[in-house]
Amino acid sequence: MSGARTFAIDATRLDGWLRELARFSDAPAPAVERVLYTPTDLAGRAFVRGLAESLGLAVRVDAVGNTFFRLEGREPALAAVATGSHLDAIPNAGRFDGTVGVLGGLAALEAIRGAGITPRRAIEVIAFTSEEPTRFGLGCVGSRLMSGAIAPEAVRALRDAAGRPFEEVRADAGFVGALEEVRLPEGHYHAFVELHVEQGPVLEREGVAIGVVTAIAAPASYVLEIEGEGGHAGAVLMPDRKDALCAAAEIILAVEDAARTSGSDDTVATVGVCRVFPGAINGIAARVHLELDLRDTSLAAREEAFAVMAAAIERIAAARRVRVSRRTINEDPPAQADAAIVAAVEASAAAHGLTSRRMPSRAYHDALFMARIAPMGMVFVPSARGVSHRPDEYTAPEDVARGAAVLAGTLLKLAEDGDG
Ligand SMILES: [Zn+2]
């Protein structure tokens, strides 16, 4: 099908929804803070639910609070098309990250219905639980459970900073049912498309309205413990030293070098944590704790860069006579967007008279995990100055509305698809 339909989204109305949702915050405006399962999170959820109900959408809430707003299709037995994002916000955040994908999704459904259309497949807007890792140290808890990327036992083992188990906090927030019930099978959704702010500077800099995501980079992160030998900074002569910090310095530079020379523009590697023991001016470092974050949109490129790093670490450890042990925190695979969804987003942007460009998503989103159970795509709208996770995060109301219009066209196109 060519000549995608166009939709008019009321930018002022959608911006009003975003402003109203931002009032549910534990930080004074313009900062937004909505942490998982707090009374503020629950109040924000209730606001969005009320909005969806006023639009005539059916509501389902699963055991962790993932919430599904459904516009029924002409053939309810067919797999639905889904969109959505998250409502939680880290401390000192802004009002666009995640919320644009949920409220923009509702605006898209309202526009489809307002045009008198009942799509062939149902369309659902999902508000995912805990995309941000703020409370339990793990991001995308809702979409990980939904896609089977994490076992329910691993979620039951999570504790917040106050030491409270996930299950206790969840029950207090009023979400009941077994975590096992959150999982959805492959094929449950015909497609998943997430609308999100870019959180980077590319679209604004190039004056392009719509980003069409081709792949989502995924992080692997590791702890490196380097063990040398401590000693007196005056008494131990240089040839006799096993200085853990000198080894760490070489390792950090080797990590940077491996990412720089990987041959893939999308490889990024960061050592963001370095703790030195004992940490005294007159003591040789006996032990160093490093934390490494490595990302790429290609799993092969990421693994190759990691192999280069691992070999360099071994060489450095041998030369400096220190022991290096490694622990994996997580190794999430990147995801490629589905070619037909990329084409549908591009066609919708063109039909709306908007410029678009293909780009990777360098941050990860719920879409990364939804890609495990459904063909996936993402629509980006510009972020002013590329700023995000800050109170001055900003996307102009017209830009948000354009994203919602492109989303509506994309969802409708996918919802008219044949097959099961
Ligand atoms: Zn987000």
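**View 1. Leu 87 lies in the loop between strand 4 (80-86) and strand 5 (89-93).** Strands here are DSSP runs of E of at least two residues, and helices are runs of H or I of at least four, numbered from the N terminus. The model is predicted: local features need pLDDT of at least 70 and side-chain atom pairs count only at pLDDT 80 or more, while totals for chains, interfaces and linings use all residues. Residues are numbered from 1 along each chain as its sequence is written.

**View 2. The surroundings of Leu 87.** Leu 87 counts as buried because it has 27 C-beta neighbours inside 10 Å; a residue is buried if 20 or more other C-beta atoms, placed from the backbone, lie within 10 Å of its own, exposed if 12 or fewer, and partly exposed in between. Setting aside residues up to four places away in sequence, Leu 87 touches residues including Arg 34, Gly 44, Val 102 and Ala 127. Such contacts require C-beta atoms, placed from the backbone, within 7 Å. Between Leu 87 and Ala 22, 65 residues apart in sequence, the C-alpha to C-alpha distance is 9.9 Å.

**View 3. The largest nonpolar core has 89 residues.** A nonpolar core is a set of buried Ala, Val, Leu, Ile, Met, Phe, Trp, Tyr and Cys residues joined through C-beta atoms within 7 Å. Ala 404, Ala 408 and Leu 411 have the most contacts inside this core. Helix 12 (residues 397-415) gives the most to the core, with 11 residues.

**View 4. Contacts of Ala 404.** Beyond its neighbours within four places in sequence, Ala 404 is in contact with Ile 9, Leu 14, Gly 104, Ala 107, Ala 108 and Leu 195.

Conventions: Contact = placed C-beta atoms within 7 Å.
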